[in-house]
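Open the structure in your viewer and keep the selection tool ready. The tour goes from one selection to the next.

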Amino acid sequence: MVETGHFALVLAFALSLVQTIVPLFGARLNNQRLMAVGGPVAVTGFALTALSFVALASAYANSDFSVASVWENSHSLQPMIYKITGTWGNHEGSMLLWVLILTFFGALVAAFGSNLPATLRANVLAVQGAIGAAFFLFILATSNPFIRLNPAPIEGRDLNPVLQDLGLAIHPPLLYLGYVGFSICFSFSVAALIEGRIDASWARWVRPWTLVAWMFLTGGIAMGSYWAYYELGWGGFWFWDPVENASFMPWLAGTALLHSAIVMEKRSALKIWTLLLAILTFSLSLLGTFLVRSGVLTSVHAFATDPARGVFILCILTLFIGGSLALFALRASRLTAGGLFHPISREGALVLNNLFLTTATATVLVGTLYPLALEALTGDKISVGAPFFDLTFGPLMLPLLVLVPFGPLLAWKRGDIIAASQRLMAAFATALAAMLVTGLFIDGASVFAALGIGLAVWLVAGALTDLAVKSGVGSVAPAVMFRRFAGLPRSVFGTALAHLGLGLTLLGIVATLSFGTEKILTMRAGETVELSGHTLRFVGLYPAQGPNYSEDRGRFELIGISGSPVGEISSAKRFYPVRQTTTTESGIKTLGLSQLYISLGDEAKDGSVVVRLWWKPLVTLIWGGGLVMMAGAAMSLMDRRLRVGAPSRRRKQAEAPAVLP
Amino acid sequence: MTRKQKRLSVIAGGLTFLGAATGLTFYALGQKASYFYMPADLTTASVQPGQRIRLGGLVEKGTIQRGQGATVGFSVTDTHKSVKVTYTGILPDLFREEQGVITEGSFGPDGVFVADSVLAKHDERYMPKEVADGLKAKGVWQESKSE
């Protein structure tokens, strides 16, 4: 089975070369038969990669320690779920997952792209094939997961205990679906540049892919944040760690792309910019892969450092980013610029959104790369953390968030800012009320907290206003209103949901940072502690045995008003003997939207234990908002005009190219 | 305003915006980045009390003191010099004697480093990269030790 997987991987590499070369020449010579090769090859390549992945996963599931990667990252005593998720809990396996998803997206284009113009489809598949070829070669040359050991060891070295968690089953696949999903937008852009033409229907094909990638990336980041929050035991949800930034930059750029693609689709303006943004977004995904996979950064994500890998990924990075930007420089002037619009209009608002988002991306990029560059040039080691981003990213985001509710209420081409403001009066009043209530009635609320809560409420109320205005609340009879509401395009709901989710996330962040409380103390069994109105009693430490670890479980009781226990929280110190590692399992109790968070420290000689407690009000909204944003993207995807096939049927009738060079 | 003037004003606005963002970024890099030092570097570098830095090295053997409550004292050493550090909170799971550690905080007026965060190496295979590089530069640690 393992050799089959290895062989399938080599075959998939060979096919990706065919997928790159043959359709590209076909498109050049306008040869239908050569171009038609791309589709079946892409699908077969995906099938082979999937076979290869299944082979590796089954080696992990069966604890086949004759495979080096399994020996290094698995153990026979691990629960089955962690044996399987361990497949991508290491460098080699995660790269295989990366190409699996890449070929999956390629196969999707092949399967659903029958309505694309033949040359565009051929070129897209060729570019997709080229990315695949580079990464297959990378895996085979530097990170082969199928290398055997002889003699085979009897027992494995266990998966990093921090990764032995359900989060590993969800976070990396979602994140990769997002990262790699943007490869399709990249391939479409490069294909458009190769052809030297781009039109509004191009945007109609690219937008669904952007939405899909953005949706998964949002989910991947939110899940990663929640995982870090409960697993690391620090109680934080975002650390501005370079690895987090690596995923955040494509998200910011992808968000900008999502918005500029709307302008391009609806008004055929901002074409060249959208194209560039698509290239940049995937370039940032590649950069993220490089930062995480090359060993430049030390983190839980950098599984192993091998200089050859770093150099190889750097070459891939240079080839694709440099190549696509060079092509852009050569060809962009041949593309025609689109329609004009008034600065105060939907287009204008979306341009402003893009200006803020790309500048914010740039500040995150500087904050992430500057320390690396400085160390390479001068040897000085600096770290750039929250204080830097608070001062740069923060001021950029604030005006953008204030402006968000205006955008959807402005008309295309020429908008009326006064009318939009009047419609937002109710939302503004609600936000102002929230701000005043926070500032005046909540103890210890700072001006900053009040403004933050007000801004979050403004976003939520603004999103609801958008729906209300568009279904005619206040101007038509209720029956008509409901009919209109139900008949609104899905994309309008999508926009409102995504903006609402953003508001919820902001509300969670501001509430947690401003009103969260924290206590560090030593406790003995039987002692109680109070935190923000909640009384907790430390019951004691109880040793327990897990499948591949032993633990000391600290049990806490939540005491109700009556004095009797109403709930239990337990936090543990786990010891994994194979890797000689200790981990902290935090104890979390969700009360409404808020959480009590307990992290257990070391046991002192006198039997007392260091305990760190947090009260985190509305903290679940941080990730809940992310889910709402995902739902918004899913809603937009269901919009009639984006449904795969729907636009093209119309397009076939009018085959004449909309814009030619 | 003519169309040309309008376009120019939009471009000027955009450039002003980008300029402001760039200025802010560089100001923030100058003010908010924290430098990494090993104990021996501190004799040559001038670090003011209150200035935020990261201090890395090995946790010196036999110096870990658990005081009252959750405050812990220990010394960070690079085998040439060592610096006393206090920290209130829960130490990372991988915090041990003679292991690599990075602390972040600032010096108090009494010369004791008050850390508000302590990071230990992320897994059993390596030292924090900065500490490994620093120790290598001082010739007290070889790559071979890490396998």
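Start with a term you will need: a helix axis here is a line fitted to C-alpha atoms over the stretch in contact, and angles run from 0 to 180 degrees between N-to-C directions. Keep in mind that this is a predicted model.

**Stop 1: the domains.** Colour chain A by its domain assignment. Domain 1 covers 1-164, and domain 2 covers 193-305 + 330-423. Domain 3 takes 425-515 + 623-643, and domain 4 takes 517-616.

**Stop 2: domain 1 against domain 2.** Select both in chain A. Their C-alpha centres are 28 Å apart. Seven residues of domain 1 and eight residues of domain 2 make up the contact. Now pick helix α7 (residues 118-142) of chain A. With three residues, helix α7 gives the largest share of the domain 1 side. That side of domain 1 has three nonpolar residues, four polar and no charged.

**Stop 3: a helix pair.** Select helix α17 (residues 447-470) and helix α19 (residues 490-515) of chain A. How far apart are their axes, and at what angle do they pack? The axes lie 8 Å apart, and the angle is about 165°. Angles over 145 degrees count as roughly antiparallel, so α17(A) is roughly antiparallel to α19(A). The crossing of α17(A) past α19(A) is left-handed.

**Stop 4: the residues between them.** Show side chains. On α17(A), the contact residues include A:Ala449, A:Ile453, A:Leu459 and A:Lys470. On α19(A), among them are A:Val492, A:His499, A:Leu507 and A:Ser514. Colour the contact by class: 16 residues are nonpolar, five polar and two charged.

Technical notes: Residues numbered from 1 in each chain as written. Chains lettered and ligands numbered in written order. Predicted model: local features only at pLDDT ≥ 70, side-chain atom pairs only at ≥ 80, totals over all residues. Domains from an automatic or database assignment. Contact = placed C-beta atoms within 7 Å. Helix = DSSP H or I, 4+ residues; strand = E, 2+ residues; numbered from the N terminus. Nonpolar A, V, L, I, M, F, W, Y, C, P; charged D, E, K, R; others polar. Parallel < 35°, antiparallel > 145°, perpendicular 65-115°, else oblique. Left-handed = near helix turned anticlockwise from the far one by under 90°.
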